[in-house]
Amino acid sequence: MKVKHAGILATGAMATIATLALAGCASGTNDDGDDLADAGATTITLWVDTERAPALKDVAAKFKEDTGITVKLEIKDFATVDQDFISQVPTGKGPDVIVSPHDKLGSYVDNGVVAPLELGDTAGLFAASAMRAMTYEGTVYGVPYSIENVALIRNADLVTEAATDFDTVISNGKEWAGGAKDKYPFLVGLSPEQGDPYHLYPLQTSYGAPVFGLDAEGSYDPTKLELGNAGGLEFAAALKQWGEDGVLNANIDGDKAKEFFLAGKSPYYLTGPWNLPDIKNAGINYAIDPLPSAGGEAAQPFIGVNGFFLSSKSKNELAATQFIVNYLSTDAVQTALFEIGGRPPALVTAYETAAAADPDVAALGEIATTGVPMPAIPAMGSVWADWGNAELSLIKGEGDPTEVWTTAVDNIEAKIAG
Amino acid sequence: MTSTRPSPAIEYSPPRRQSTLALLIKILLLGLVDAIGVYALFILFIKEQWLVFGLAVAILALINWIYLVPGQLPAKYLTPGLFFLAIFQVFVVIFTGYIAFTNYSDGHNSSKDDAVASIIRVAQKRVPDSPQYAVTVLRQGDVLSLLVTEPDGTVSVGSADDPLEVTTDAELDSTGKAVGLPGYDTLQLAEVVQNQDAVLALVVPESDDPNAGSIRTSDGATGFVYQASLVYDEQADTFTDSETGTVYLADEKEGSFVSPDGETLTPGWRVNVGFDNFVEAATNEQIRDPLIRVVLWTFVFAILSVATTFVLGLFLALVFNDPRVRGKKIYRILIILPYAFPAFLSGLVWAGLLNPEFGFVNQVLFGGAQIPWLSDPWLAKFSVLLVNLWLGYPYMFLICTGALQSLPEELTEAARVDGASPWRIVRSVKLPLLLVSVAPLLIASFAFNFNNFNVIYMLTRGWPRFSDTTLDIGATDIMITMVYKVAFGGGGGRDYGLASAFSILIFILVATVSAIGFRRTRALEDLN
């Protein structure tokens, strides 16, 4: 029968196409020899953001030349990359290497998605604080490449002298502003809904109230919460006072603060190196001052360290380790990353070159020596929220400082414990 | 022939002549589908996923049968749709349901094998103050060995079975590193990479003493002495701390290794926890109290959103449906404008407009008053509703205009002749007729607003926060934003299990409300 015949013909043709398509799928992995195909060893994938990708092109090419392995730079959105990494690594779809700030490390380790890295003697080439940031519970997980921290940026045309304590900063600022409505004595970007404990941290530490106590290695120890000590309460009271005096303004968020500083509406701006390129471009005659102490003790900022981490399910672990430990730790790469991102390098030699050429880097690096890496424990996410909220309500003048602060500390304690 | 059995000629319509092109396209598409299917089968076969394998075989056979055997015309049309429905809807719903009964969260992220591998790996600690060795990977037949150069120049060789032994025959390079040994082949970097799994698995004991450390390399060029701080016993399914002797037993209910005093090792793994997530949502007062408030607010938000947008939309539709209004087209375009903005963007723009000090609303409309639109709990609720009204009324305006225009003009005229006032006409004639066609859309709108993530998240992020809970949940959070925060760690760990449990709750609520709503709508139709 004709119809049947056509059906058989169609089935045959279809089977042929299916076979061909299958062969097409398979041939992609068969070309390079069995060992390589089995291990998936021809490429290593690196998740990176748009800004950093160009700086890594050269070293990727060099690695390809030396080992025959392609380094694929995959550009990801950095706001959510840590979540993607945690959920995709277990499925085997994640990258081999990720670029990430160190404060996510606790989550990565808790979920078993990063592998320890033994840097050996290479570790000694990096700034000690950077290596501390790459260490979680005594094990090293990453190669650091940049260190960042906040600093007090001063518009040198408006206030000529650097001040060492915060009271002088305020009085200088107020004197300059002269009570005008659109002039601000001091600027710092605060989220109107959740405050910003990160930026305010140097002011807090100057009251002798770090978030945690230090362990033997000089890292924060999450079991020793120090936030609620006597200094913390003094800081809480000071926040309320600053809020009343208009020194801190919860309605000025990061964008507004930057806009005002660029427009010359304030002599002081507490911010980090990420805003320096714009300040430069705006033609502001700026100076980077040491962080002023408000409570008498040293004002220590948080240090944020960016680094490269190895996925625990990398199918190409040896090559990826080679690339991270021996290629990304070189002076050339660290300098290239600095030139693109403006964040001081973690490698000591690269830092020294950069600092000699650029006084901003030297000034920021000087401040960084006083700081301690941000805690990386997974509970930190909720710590920030409670902490910021307490600060925010005080700045807005709501509640009694001691009460607000103690409630937040109790909440944080409960979260770390639970 | 009986009347109940139609003749075959009627049941099977005579085969229409297929064009050759159509046949070719069919063969090509079906061939590709089969190729993908068979490829998937291979992978499933290799991974020994028998259940999924069987399912895939059945589906593939069914697809081929449907398209190759003549007849089954409805099935031919329905299959692609059903297939995608199954993948994108049914599967997602079932998977969410499944996750709700697991402890999938931060720290319980993957399988037990992964957890064990990760613990073993992290437990390998470099022996403190031990030197860094330069190593070369050697091969003799199938056996890999490490050629180790100590910092003082001593060279030794060893493999997995033979502990390190000092050798003096090694070839040295200019830096003094041993790079070759007679009788062995030296692996170059490319070869090391090719055999990386074997190289990484190579553990060379330092000596015969089983408690001594062992040398491993992670890059094929440098080696370190490691000692395991935790030892895994596969038979007993325990980890033993080699210093303190503490035994961590695998607890399949918790999904972690737990010591007798309750300490756990990280990471754990994903296990089925039954109704634990639901029980926690109902009993943990940190979650329960805010959850109740959030559910109430979600209903209030959804109902008020529908009510306000509908009233405003209907009012404008009635006004602009009046034949006496001039320039209707321009007005209508202007009214529909907010609808054209993505809610995502509008939320952000409105957040700026409502800034207490610098926002347009306070500065211009309220003469510089500092009204905390988004940070006072009640005002924030009001602001969210206001912004949603702005976003939502054009839709209601559109559907009401459409429905009004389809109402026969005679009815209005007849009512007018009977002496009804305009208000009476709207209330007793237009509105009941309108509701018949609009009511199902109102229910859909309710379901949409019930899950209106964009407006809430972009405008207030759910804040201002509740002060009596450690969760990052606030006065304007609706259930879907709460689910998002729980699932993706808005201030805390990610907990997909709990978030999925909440999602099921949302599903039940929306389904119930919709079912009741549609039943009422049918009653409305019967009335007319």
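Reply: The questions below take up the terms one at a time.

Me: What kind of model is this, and how are its parts numbered?

Reply: This is a predicted model, in which local features need pLDDT of at least 70, side-chain atom pairs count only at pLDDT 80 or more, and totals for chains, interfaces and linings use all residues. Residues are numbered from 1 along each chain as its sequence is written, and chains are lettered from A and ligands numbered from 1 in the order in which they are written.

Me: What makes a stretch of chain a helix or a strand here?

Reply: Both are DSSP runs numbered from the N terminus: a helix is H or I over at least four residues, a strand is E over at least two. On that basis chain A has 17 helices and 14 strands, and chain B has 18 helices and 15 strands.

Me: Why are S7 and S12 of chain A called paired?

Reply: Two strands pair if DSSP finds at least two bridges between them. Strand S7 (residues 151–155) and S12 of chain A have four bridges, so they count as paired, in the antiparallel sense. Within this pair, A:Ile153 stands opposite A:Ile288 of S12(A).

Me: What sheet do these strands belong to, and which strands are its edges?

Reply: The sheet of chain A is open, has four strands in the order S8-S11-S7-S12, and is mixed in its pairing. Strand S8 (187–188) and strand S12 (286–289) of chain A are the edge strands, because each pairs on one side only. In general, strands of a sheet pair through backbone hydrogen bonds, either parallel or antiparallel.

Me: Why is B:Arg461 called buried?

Reply: A residue is buried if 20 or more other C-beta atoms, placed from the backbone, lie within 10 Å of its own; it is exposed if there are 12 or fewer, and partly exposed in between. B:Arg461 has 22 such neighbours inside 10 Å, so it counts as buried.

Me: Why is B:Glu48 placed in another class, and which one is it?

Reply: B:Glu48 has 7 other C-beta atoms within 10 Å, and therefore it is exposed.

Me: How many residues of each chain count as buried, as a percentage?

Reply: In chain A, 53% of the 418 residues count as buried. In chain B, 32% of the 528 residues do.

Me: How do you know which residues B:Gln227 is in contact with?

Reply: Two residues are in contact if their C-beta atoms, placed from the backbone, lie within 7 Å. Apart from neighbours within four places in sequence, B:Gln227 meets this with B:Lys125, B:Val127 and B:Gly213.

Me: How do the chains touch, by the contact rule?

Reply: 55 residues of chain A are in contact with 57 residues of chain B. H1(A) gives the largest share of chain A's side, 11 residues. That side has 25 nonpolar, 21 polar and nine charged residues, where Ala, Val, Leu, Ile, Met, Phe, Trp, Tyr, Cys and Pro are nonpolar, Asp, Glu, Lys and Arg are charged, and the others, Gly among them, are polar.

Me: How does the radius of gyration of chain B stand against that of a compact globule?

Reply: The radius is taken over C-alpha atoms, and the globule rule is 2.2 Å times the number of residues to the power 0.38. For 528 residues a compact globule would be near 24 Å, but chain B has 35 Å. The C-alpha atoms of chain B fill a box of roughly 120 × 85 × 50 Å along the principal axes.

Me: What makes the backbone at B:Glu48 and B:Arg461 worth a remark?

Reply: Most residues other than glycine have a negative phi, and most peptide bonds are trans. Phi of B:Glu48 is positive, near 60°, and B:Arg461 has a positive phi of about 60° although it is not a glycine. B:Glu48 lies in the loop between helix H2 (20–46) and helix H3 (50–68) of chain B, and B:Arg461 in the loop between H16 and H17 of chain B.

Me: Which peptide bonds are cis?

Reply: Among them are the bond joining B:Thr266 and B:Pro267, with omega about -10°, and the bond joining B:Trp463 and B:Pro464, with omega about 0°.
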